[in-house]
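Subject: Structure for you to look at

Hello,

Please find the sequence and structure below. My notes on salt bridges follow.

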Amino acid sequence: MATFKSLPDAHTIASRYDGRLPVYLESKEDAQVFAERWFNGSRDTLRFIAADQVGTGGCQGVIQQVAQDRDAGLAAYGIVDRDVLLGISCPDLFFFPEENTPHIPWPLPPEIIVLDCWEMENYLLDSEAVETFQADEQGRSKWDSGVVLETLSDFAQNLLGLMAANLVLMTYRKESLSPLFEAAVLEPSREKLTSHLSTKISIPDINTEGLFDQYAELIGETVPTTSADFHNNWEQLRCRVDGKMFLTRFFHKPGHKNNLPRFHLATRIKEQNRVSPELTRHIERLVDIANGRSPASPQISPHQSP
């Protein structure tokens, strides 16, 4: 059993005697959404912690903090964006469910939950919540759901190149494009984007243009092309897009540096009872683990239902 001398810091000591199961998230904003808006009913059982408030943020910060706690004898779990799989050189797993890639061993420990979607912002891309916010902000009636889905899908189509470029950069562990990269242009040209990639990734024998085209095609496969497809494809599409880039550009107003209504959307999603079933399953499983109703060791990765 770990002693006080072996516990690494005051935060870990507090976690031991807090009585709740620590669950690390990538940022302060993520932790606020989980703890204050979507899963506030679980706060007596789970302690949602932003990795960047106790150490390094992002997916690697979550992984490191969970490992540190467990090395100190504490049960701890982490929730990370799916783009972590690009950063650890597993692009096939990023795009395809594990059941379709059985030849690739799962690269992360079972206590790290990898989301189905690109990042947390994707779960804010709820068409009803987005339209409710837009209608309130603009002082108009809500649009028909079909019109809303078509608008969102068209916007995603315009971002295909930007998103593909980000995937290439993340695959080679380079800094992602700013969400407002070439903000004055709705759809930057392929030449502009591939030129940017060639300056950022100077690795011999790496065909960045070919990889860019491949990623653009994989994302584009989920973009609806007819009105009949909008309702069926939106849920799949909103998981594949770069959520932060989509929301930042969708709500961008010239002269406003950061106009992402993260918490407004999160509140509306909760009020409309539209929190992602995937996220709800993960939290319910963690609550069961904290209460001793479920084994703490089995893998709870995204495609294994609790």
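The side chains of Arg-140 and Glu-131 form a salt bridge, with N and O 2.6 Å apart; the term means a side-chain nitrogen of Lys or Arg within 4 Å of a carboxyl oxygen of Asp or Glu. Arg-140 is partly exposed at 21% relative accessibility, while Glu-131 is buried at 5%. Here buried means under 20% relative accessible area, exposed over 50%, and partly exposed in between (1.4 Å probe, protein chains only).

This is a predicted model, in which local features need pLDDT of at least 70 and side-chain atom pairs count only at pLDDT 80 or more, whereas totals for chains, interfaces and linings use all residues. Residues are numbered from 1 along each chain as its sequence is written, and side-chain values use heavy atoms, leaving out hydrogens and water.

In total, the structure holds 13 salt bridges. As background, side chains of opposite charge can pair when their charged atoms come close.

Another pair is Lys-244 with Glu-121, at 3.6 Å from N to O. Glu-121 is buried at 4%, and Lys-244 is partly exposed at 31%. Both belong to a network of salt bridges that also links Glu-119 and Arg-262.

Finally, Glu-36 pairs with Arg-43 in a salt bridge, their closest N and O atoms being 3.2 Å apart. Glu-36 is partly exposed at 47%, and Arg-43 is partly exposed at 33%.

Regards
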